[in-house]
Amino acid sequence: MSKDGLRPLAGQKAIVTGGSSGIGAAVAAVFAAAGAAVGINYHSNGAAAEQIVEDIGAKGGEALALKADVAREDQVADMFSRFTDRFGQLDILVANSGIQLDAPTVAMTLDQWQRVLDVNLTGQFLCAREAARLFKMQEGRDRDSRAASKIICMSSVHEVIPWAGHLNYAAAKGGIMMMMKTLAQELAPNGTRVNGIAPGAIRTAINRDAWETPEAEKKLLELIPYGRVGEPEDVARAAVWLASDASDYVVGTTLYVDGGMTLYPAFRENG
Ligand code: BGC
């Protein structure tokens, strides 16, 4: 099995939640190109997930579409067993599913608050717990990587940048940061590396309003020192690195993939 620079994830089996669109879809495709077999979790867009499975298959890779609402305990457990029925083991979890339901705080409904916390934070907990249980059962097996297993928590620059009008989302992402670090501390002795990725403004459906028109994009670029909106593949390549042996000593860290958004560019000519 080749574990060379071109296929650093050869032989490994990965679940990517929220894998049917945006950053998750790019992670699934780039993981497959790196040699991993990929479970592509989706909530509602089965056709998109199946298309990605087909595309990966056409390139000689292996993938499986997995319907589940990550906020539902029973559905998460069922998804992991469908994955292991097919692939026999799990090496990598990319907990990526995320939504935005934006509103000024005075107008935010409890449902909007709760659903975002349920999907973005509880969903990562449920998937990470299921993965950690599996990793424990797999202890001592032969493996294709230095770490016994890996978890990548998809966060956001809003784990550290406050975001008016997005209280539920920022609270969930702040929670992901501390959940990721606590998990990393707890699971590292068993050989599991847990890390996070904090994307900035990446061109996907979730923030279409922020980049769709030239005016909106110009305004958005004021927040990005590097001068371009990110692409899903920018994040996917970082995820491959964090999942591969190239990052073997990286444990409990958030990797910011944000074109410098967290550098507070408003301070360039001020302060
Ligand atoms: C949000 C996007 C936003 C970006 C930068 C992401 O986490 O989902 O809507 O454009 O952060 O603010």
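Q: Which residues surround the ligand?
A: In this predicted model, the ligand is surrounded by Q100, S156, H158, W163, Y169, G200, A201, I206, N207 and M261.

Q: How far from an oxygen atom of the ligand does the polar side-chain atom of Q100 lie?
A: A polar side-chain atom of Q100 lies 2.6 Å from a ligand oxygen atom, while for S156 a polar side-chain atom lies 2.7 Å from an oxygen atom of the ligand, and for H158 the value is 2.7 Å, again from a polar side-chain atom to a ligand oxygen atom.

Q: Switching to helices, how do α4 and α5 cross?
A: Helix α4, residues 110-137, and helix α5, residues 167-187, have axes that come within 8 Å and cross at roughly 15 degrees. With angles under 35 degrees counted as roughly parallel, that makes α4 roughly parallel to α5, and α4 passes α5 in a right-handed crossing.

Q: And which residues meet there?
A: From α4 they include W113, L117, L121 and F125, and from α5 they include Y169, I176, M179 and L183. By class, the contact of α4 with α5 has 15 nonpolar, 5 polar and 1 charged residues. Y169, one of the α5 residues in that contact, is also among the residues that surround the ligand.

Q: What about α1 and α8, at what angle do they pack?
A: Helix α1 (residues 22-33) packs with helix α8 (residues 232-243) at an angle of about 50 degrees, and their axes are 8 Å apart. That angle makes α1 oblique to α8, and α1 passes α8 in a right-handed crossing.

Q: Which residues make that contact?
A: On the α1 side the contact is made by G22, I23, A26, V27, V30 and F31, and on the α8 side by P232, E233, V235, A236, A239, V240 and A243. Those residues divide into 11 nonpolar, 1 polar and 1 charged.

Definitions and conventions:
Residues are numbered from 1 along each chain as its sequence is written. This is a predicted model: local features need pLDDT of at least 70, side-chain atom pairs count only at pLDDT 80 or more; totals for chains, interfaces and linings use all residues. Side-chain values use heavy atoms; hydrogens and water are left out. Axes are lines fitted to C-alpha atoms, for helices over the stretch in contact, and angles run from 0 to 180 degrees between N-to-C directions. Helices (H or I, at least four residues) and strands (E, at least two) are DSSP runs, numbered from the N terminus. Angles under 35 degrees count as roughly parallel, over 145 as roughly antiparallel, 65 to 115 as roughly perpendicular and the rest as oblique. A crossing is left-handed if the near helix is turned anticlockwise from the far one by less than a right angle, and right-handed if clockwise. Contact means heavy atoms within 4.5 Å. Ala, Val, Leu, Ile, Met, Phe, Trp, Tyr, Cys and Pro count as nonpolar, Asp, Glu, Lys and Arg as charged, and the others, Gly among them, as polar. A residue is near a molecule or strand if one of its heavy atoms lies within 4 Å of it. A polar contact is a pair of N or O atoms within 3.5 Å; within protein, one must be able to donate a hydrogen and the other to accept it, and residues adjacent in sequence count only if both atoms are side-chain atoms.
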